[in-house]
Amino acid sequence: MFAFIARRLLYLLPVLIAVSLLTFLIASLLPGDLAYVILGDQATPEKVEALRQDMGLDQPVWWRYLGWLGHVLQGDFGRSFRTGQTVLQAVAERLPVSFELMLLAEIAALAIGIPLAIACAVKSGTAFDRFMTGSAFGMLSVPTFLSAILLIYLFAVQLHWLPATGYVPFSEDPIGNLRCFVLPALTLALGEWPVLMRVLRSDMIATLQEDFIAMARAKGLKPSRILLVHALKPSSLTLVTVTGINIGRLIGGTVIVEQIFALPGIGRLLVGAITTRDLIILQGVVLVVAFGYVLMNFIVDMLYAVLDPRIRHGHA
Amino acid sequence: MTGAPLLSVEDVAVDLPTPRGNLRAVDGVDLTVGAGRTLGIVGESGCGKTMLSRAILQLLPRKAKLSGRVRFDGQDLVRLAPEALRKLRARSLAVVFQDPMTSLNPVLTIGTQLIETLQEHLELDQAAAKRRSIELLAAVGIPAPEARLMQYPHQLSGGMRQRVAIAIALSCEPKLLIADEPTTALDVTIQAQILDLLAREQRRRHMAMIIITHDLGVVAGRTDEVAVMYAGRVVERAPTHALFKRMHMPYTEALLAAIPKIDAAPHTRLPAISGRPPDPTRPLKGCSFSPRCRYVARRCHAEKPLLAKAESSDHEFACFNPIHVEAGVSA
Amino acid sequence: MATLELSVSEDVIVASVQRTRRLGPLFWTATGWMIFVFAVAILAPVLPLPSPTDMDMLERRAPVSALHWLGTDGLGRDELSRLVYGARISLTVGLFAPVIGITIGGALGLLAGYFRGRFETLVVGSMDTLLAFPPLILALAVTAYLGQSIFNLTCILGVLGIPAFMRVARASTLTLARREFVIAAQALGASHARILLRELLPNVALPLVAFFLLGVAVTIVVEGALSFLGLGVPPPISSWGSMIGEGRESLEIAPQLAFIPAIAMFLTVLSFNLVGDTLRALTDPRQGAL
């Protein structure tokens, strides 16, 4: 088991290095501009040159990259020249918000997708199944921001049940906090459930035709047990993979939702950094996000082995 | 045999709709099995014997249409309510499938698959169910039964897996056990062990048993009665010793001849039955075996023979041109 | 079922039925809509529409009327006309960006799948690194640095699509390169270029085209999202996304301003998805359809 984990971790290293390099390169596209941006109105050729030397911007790219990487490995991601906050501080503030959003969104998507998938698998071929599968396909063509507008219109504008924007920290007011997340999480969930539902449905239909299901029926087990224990477990592999990949994707995908619903998460931080040309924050956040994504894939690999004991023992 | 039989299959037919037309897998079969007695159902692949077993167990695929009656222990299983049928399973009616690699759930432990059956039907608590599971595994000849409970099917050998499947089937003391090709997926060396295990348990528990196989050799000496199936019908039926002593159906004779004999000269050609089983979507007007039969006559192509009694009332066969040979093989 | 000798393969029956059902009325309606939108967008200047930029301050957020078939927006501009001109922008980006993806990604995938070895590892590795970045964030970052313009937007969205097309092309090439007709060509002494261009490319092109249509759908959505936030096409140019973004302001008093372009976008994306998905199912070499 440990050999398995160790092998996977080793593969992670070159990917992480490549990611950090790419992040740095993107952020350094036009180094000259940075000095101009910082100085703003007060930019004169002498001041720009002085600042460039000061910040080490006149050094070759690879030198700056190594310097930056060195700092990063010591935990120093830099400091925003706008707000004075260190990158880590800013990220630590915003990350929990994004996490809460991602988690609630994925839970909602599973809560919609799993029961529908099971129902469709059991009733496969019927009108209900065809309708649901069709709706799932249609739902995939609805962009996130469209769902957002629709939900805002329905629940905030018309029914006044939920707030359209805003955020309240959990520590202050748990209920209020959750209310702020309902619409955003639902928006994301509406885009996620079709994939989860289709994947699970297809796996379950295949599993339900297996001999061990006939055997479970022959043993006279309760239908609910057959479905939820005997059929669901072997069918969940692809579902877990897809859920993991989804959560990984969501790391960057919360940008739009956070903007629309004014949630102070990572996405919003990023958009802010872009519009204000805050290079340091931009670099740091992109790095954190990309790392998170790679890590997520790794965790999914591990979960896979847990779910299917055959993989653990190297059989499948 | 006193009283009504435990299982009575009455004119059961199974139809399957396919894109090429209706497929009649089972074509009007009558069978009985008495309590504590063993029946062997023998036939080639595709003769409908597995479909028949699924019909008896009420485990047919969704699209299949079943007609006829399956009377078990006084109740007609075909018309029984689903919940009542479910309660009957394992306690009265159990099954062992052909391939234990696919009939055991690969992601659940052996223990779970044993214990859940016990808990469902016998309402034992966790500890009692665990003890009983260990007893069962020991009874079917599995060494270190306690350790096995935590293992997964893929960690056991083929023979062990089938023993587990048998343990599961026997766990609630069923009245009837159906073993569908129980040894076909196993090594030849293990086959005899498994068959002996089944026979032993059957005698001990005074359980009725149906063994389904394509190999006449399997049923010799291990069953009380044999039914030979071909193309969805029973073509010969007799007490085992009577069948081996004196066969009537040419098909049965051909089946027997196809078994390799240990005292035959080396390199003797195995007399395989020429031709192939008929296409079940295109039933023949006459006898289904006629295209391959050595003794075929004109009448065989024109009419379908019905099961008729031979010299004794419990020996039946369906043939216009039966053989009258004493096979001289002791069962 | 393993023990069933007479197992009737239900999957085969279902699959063949589905294949014929797929080219049914839904498919053709979707194709029709695609062509319709495309035609309207191209013919926009010739159509009898009021200018999309003429503001009529007295008729702001007007309802449907004979003069304005879909009403007017918050600045009194004709909604139908804006919708049609918005289609031009959305479709321009939507169609040209995947072109970048299919040409570069397709070529890379074809070469990687054919030549294998270290070249393939390099290509796959760099694509994986690119994929490690959330695409939206990358697009935002790049447009922020290079400036917002239709050209920049198209380029970055195109580049973001390269890994996906590369994968499709490579997967198809890997399957096809082992088939008899390629081995036969190699035996006849054909050059690499000849095999690539005349044997492999025509067959790989089919799944790529199917994927292209799906790429168009995705691009319209991504461009729409960026424009919705004001970070896509530069104002005052408007695509459907920008219209929806503007419509959001008037959600309480005139919701149709957001929903009309939303419906147009939904129908268009749905059509591309439907047609692309159907074609993909029909042309996937792994299913042996060819």
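**Notes on the predicted model**

1. B:Gln58 is a buried residue, with 20 other C-beta atoms within 10 Å. Its backbone has a positive phi of about 60°, although B:Gln58 is not a glycine. The residue is placed in the loop between H1 and S4 of chain B. It should be kept in mind throughout that this is a predicted model.

2. Is B:His206 buried or exposed? B:His206 is exposed, because 10 other C-beta atoms lie within 10 Å and a residue counts as exposed at 12 or fewer. B:His206 is found in the loop that lies between helix H8 (188-205) and strand S8 (208-213) of chain B.

3. One open sheet of chain B consists of four strands in the order S2-S1-S4-S5, with antiparallel pairing. Its edges are strand S2 (21-33) and strand S5 (75-76) of chain B, each of which pairs on one side only. Within this sheet, strand S1 (residues 7-18) and strand S4 (residues 65-72) of chain B are joined in the antiparallel sense by seven bridges. B:Val14 has B:Leu66 of S4(B) as its bridge partner.

4. Another open sheet of chain B has eight strands, ordered S6-S7-S8-S3-S9-S10-S13-S12, and its pairing is mixed. Strand S6 (93-96) and strand S12 (308-309) of chain B are at the edges with a single partner strand each, so one side of each has no neighbour in the sheet. Strand S10 (residues 233-239) and strand S13 (residues 316-317) of chain B run antiparallel and are joined by two bridges. There, B:Glu236 stands opposite B:Phe317 of S13(B).

5. Helix H1 (residues 49-57) of chain B is described against strands of both sheets. In the four-stranded sheet, H1(B) lies across S1, S2 and S4 of chain B and runs at about 70° to S2(B). H1(B) also lies across strand S3 (38-42), S6, strand S7 (176-180), S8 and strand S9 (225-230) of chain B, and its angle to S7(B) is about 150°.

6. The next point concerns helix packing in chain B. Two packed helices are described by the angle between their axes and the distance between the axes. For H4(B) and helix H7 (residues 158-170) of chain B, the axes come within 9 Å and cross at roughly 15°. H4(B) and H7(B) are therefore roughly parallel to each other, and their crossing is right-handed. On H4(B), the contact is made by B:Ile110, B:Gln113, B:Leu114 and B:Thr117, and on H7(B) by B:Val164, B:Ala167 and B:Ile168. By class, the residues of this contact are five nonpolar, two polar and no charged.

7. Which elements of chain B give two or more residues to the side that touches chain A? In total, 22 residues of chain B are in contact with 18 residues of chain A. The elements in question are helix H2 (82-88), helix H3 (100-103) and helix H4 (110-122) of chain B. H4(B) gives the most to this side, namely four residues. The side of chain B that touches chain A comprises 10 nonpolar, six polar and six charged residues.

8. Chain A contains 13 helices and zero strands. Of its 316 residues, 38% count as buried. Among contacts in chain A with a separation of 6 or more, 71% are between residues 24 or more positions apart.

9. Chain A also touches chain C: 37 residues of chain A are in contact with 30 residues of chain C. Several helices of chain A give two or more residues to this side, including helix H1 (2-27), helix H6 (127-140), helix H7 (144-158) and helix H10 (223-261). H7(A) gives the most, with seven residues. By class, the side of chain A that touches chain C has 29 nonpolar, seven polar and one charged residues.

10. In chain C, helix H7 (residues 180-187) has eight residues, of which zero are buried, so this helix lies largely in the open. Just after H7(C), C:Gly189 takes a positive phi of about 85°.

Terms used. Residues numbered from 1 in each chain as written. Chains lettered and ligands numbered in written order. Predicted model: local features only at pLDDT ≥ 70, side-chain atom pairs only at ≥ 80, totals over all residues. Contact = placed C-beta atoms within 7 Å. Nonpolar A, V, L, I, M, F, W, Y, C, P; charged D, E, K, R; others polar. Axes fitted to C-alpha atoms, helices over the stretch in contact; angles between N-to-C directions. Parallel < 35°, antiparallel > 145°, perpendicular 65-115°, else oblique. Left-handed = near helix turned anticlockwise from the far one by under 90°. Pairing = 2+ DSSP bridges.
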